[in-house]
Each structure stands twice: as structure tokens, then as C-alpha cells.
Amino acid sequence: MKQEQDQPNVGRDRLASEELGAAERRSVLEAIKRFTIETPSWGYGDSGTRFKVFHWPGAARNLREKLADAALVHRLTGVCPRVAIHIPWDKEDDWEAVKAYAAGLGVRIGAVNPNLFQDEEYRFGSLCHPDPAVRRRAVQHVLECIQIARAVDSDTISLWLADGTNYPGQDDLRARKHRLEETLAEIYAALAPGMRLLIEYKFFEPAFYHTDLADWGMAYTLARKLGPQARVLVDTGHHPQGTNLAHIVAFLLDEEILGGFHFNDRRYADDDLIVGSQHPFELFLVFNELVAAASQPQAPRIDYMIDQSHNIEPKIEAMIQSVLHIQSAYARALLVDRQRLSQAQAAGDVLGAYRVLRDAFETDVRPLLAQAREEMGLDPDPIAAFRRSGYADEVARTRPASRSGASGYPGA
Ligand code: LRH
Ligand code: MN
């Protein structure tokens, strides 16, 4: 079995060593500048757990303040032009005005997220509820979200269902599946041409016996049955412990049914912590699959969105930190020496192949990311720029704490 010849195995910083030609370096830089990340409106407001929602001084209290904070993150990073909204948390009565307000800030509305988990009648579910009247209301809400998306020129409905049961026997699992297929078909039929329906799965919570949309296979099956405008959304916090995310991503990519991500990180359950803060290598391996697949000719459109709740940390800084972590994972994945990787794989050189990935992961990409920002006319260190801006003190001074419940986020 051929081993890596006589190369001191000190590992290769893919940037330090001259092996990365100027052209390659340039293409990595340009790819980083083009790579955009969508931030969630709800990541700027107060959020928490069932135990406590702590108020953060200056936290955004309404959609306009969330858009203002998101626009700052875009100004500082240069790569966050879209903001996902959640209805009714971000409900407004003049969407034209919202669209203009966002444009004035240099951002636009991204994915529209219906909320089918907070109304009283959703105790036994929404689209899967035994009562046709409740299913009707749920479908009506999503159709309203499609209208909102049209009004703000968004082409994406991002749908997550809390639907499930807590005890064996509580409901007929196949009957719930039939209700889901029926109601999703109605929603799909109402999509505007070119609009996408992203189907987000989650293996548990708030349901604790079964969840109707529990894993990638169920989301895949339903999306396929619906049609080409339906895609699977992978929330990185929605899998059982030990799940190999990179494998699920590779599979969904190869099936061309991956539509997007909700990035966050977790240690135990759906902790919604800063992406890459707990498992940076796992995030790198996910991007390694994305970069490897992106070399395919008709690389599918994938929406890279953050979905986090910043319960104790400063929300805007947490969002900027998240963008930096995603950019790092992407940059490292772009630096994987794919030729050496496939040679090692073909040669059965297991650890040689592993080291190719490890080299890229161990490469310090911060100077490269700083260079990309400078070339975009931005401060190379967005966190330092944010802290210097005094924005956090300004909003803490000008935004009195919101009346509890104002943001709609449970308990906020
Ligand atoms: C559910 C979820 C979903 C959102 C919500 C804020 O856990 O990931 O994407 O609607 O968080
Ligand atoms: Mn999510």
C-alpha cells in the first residue's frame, strides 16, 4: 500500500506553504467574497429557554430594529444581505413599507418562516392535527406567509412543524402522515412560480413521543412527492447525538434535494448555540462536502441561513461571530487539496486521506478572510469594528426594554 513519500509529517498549513498558487489563492478569496449568509430576525431579539428569557439591554424589539441590527452585521461583514423573518413574530401591516425600509438599510427580506407551533389550537399539531378545522387554519396561515413573501419579493417559504405526539397511541401515525401530505400539497400548489418550499425536520421537541417530520428521510420523501420547488432544509441542531451531518449533506446534495441550512451548534439537544462554537471540525466536514459537490456543473442553489437564540450573550456580536465561523469553515473547505485527497482515497491511504482534510482544517484562514474583507473595503476584524462603533451602547441607551411578549418569542 503506497504511503505518502518522504514528507515530514508536520502537516501543511495550506496558506503558509507555497503549494497554493496565486491563482488558487485568488479564486478562494473571490469565492469567500461571493458567499452570502442569511441572518434570522429572531436572533437579534430577546430569547431564552423555558427557564428564563433574560433581557439584553438594547435588544431589538420589533422588525425595524431587527433589520437595523442585521444591516449593521451586513455592513461589517459584507456578506449578510438577507434577513429571514418569522410570522407572526415579525408581523407588519405594510409590507411595501418594510421592503423599502430594508432596502434603505441595504438589506432585503429572505426566507419567510410560518409559525405553526404557538397558537392554542395547535396542541395536537397543525398540518397533522386530527381536526380538519385546525388544519384549515394552519394552511391558511402558510398561504398568508406566501402572500407576505410575494409582497417583500422573497422566493422562499421555510417551514418547520412542531407537530407530533407525547404518548404512544395518542394518534394514528399513518393518518397524521396522510393529513400532512394533503395539506402540504395544498400549500405547494399555492407557491408562486420560482418560489421554494424548504422543509425542515427535527427528531424531537416540543413533541416527546414522535415528531411527524422527524428526519431527513421523511423530509426527502415529502419534498419529492411535492415537486421540484420543494427542498430539504438541514438545521444542524436537529439530529440525534452521533449523527454524521456531513454524510446526510452529501446524500441530499447528490440527490439534488438539499435546499438550505439553519446553522447553529449544540452539545446536547437543540441548543441553538453559535455555529461552529462546539464542533468546528464537524462544520468544516459539512462544508467539505458542499465544496466537493459545488464542482458539479449545475450546482444547486443552497440557502445558508443562521438559526440561533442568543440567550446570555450579546446578540449582534454573536451573529458576527457566527458569520466568521461559517466563513472559516468554508475557506478551509476551499483549501482542501482535492487532487491529493482523491489520490490517497484511490490508493487506500486511509490516514493520508484524513491528513489532507486535517491540513486544511488546521490552516489558519484568518489572514485570508481579513484580506478578503480589506479587498471589500471593510475592516479586517468585524468584531473589533463593532466594539469600536459604540452601536451596542447606543441601542442600550435608546431602546428601553420591550414590554414582555412584544417580540412574540415565547417568554420574551
Ligand atoms: C425549531 C427551529 C425552526 C424555527 C425555530 C425558531 O427548533 O429550528 O427553524 O422556526 O427554530
Ligand atoms: Mn431551524
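1. A residue counts as near a molecule or strand if one of its heavy atoms lies within 4 Å of it. By that rule, the residues around ligand 1 are W42, H86, W160, E200, K202, D235, H238, H262, D270 and D307.

2. This is a predicted model, in which local features need pLDDT of at least 70, side-chain atom pairs count only at pLDDT 80 or more, and totals for chains, interfaces and linings use all residues. Residues are numbered from 1 along each chain as its sequence is written, chains are lettered from A and ligands numbered from 1 in the order in which they are written, and side-chain values use heavy atoms, with hydrogens and water left out.

3. The shell around ligand 1 holds two nonpolar, three polar and five charged residues. Here Ala, Val, Leu, Ile, Met, Phe, Trp, Tyr, Cys and Pro count as nonpolar, Asp, Glu, Lys and Arg as charged, and the others, Gly among them, as polar.

4. Which distance separates an oxygen atom of ligand 1 from an N or O atom in the side chain of H86? The distance is 2.8 Å. For the side chain of K202, an oxygen atom of ligand 1 is 3.0 Å from an N or O atom. A polar side-chain atom of H238 lies 3.1 Å from an oxygen atom of ligand 1. Of the 300 Å² of accessible area (Shrake-Rupley method, 1.4 Å probe) that ligand 1 has on its own, the protein covers 91%.

5. A149 is buried, with a relative accessible area of 0%; buried means under 20%. A149 touches V112, S154, I157 and M195, not counting residues up to four places away in sequence, where contact means heavy atoms within 4.5 Å.

How values were computed
Buried means under 20% relative accessible area, exposed over 50%, partly exposed in between (1.4 Å probe, protein chains only). A polar contact is a pair of N or O atoms within 3.5 Å; within protein, one must be able to donate a hydrogen and the other to accept it, and residues adjacent in sequence count only if both atoms are side-chain atoms.
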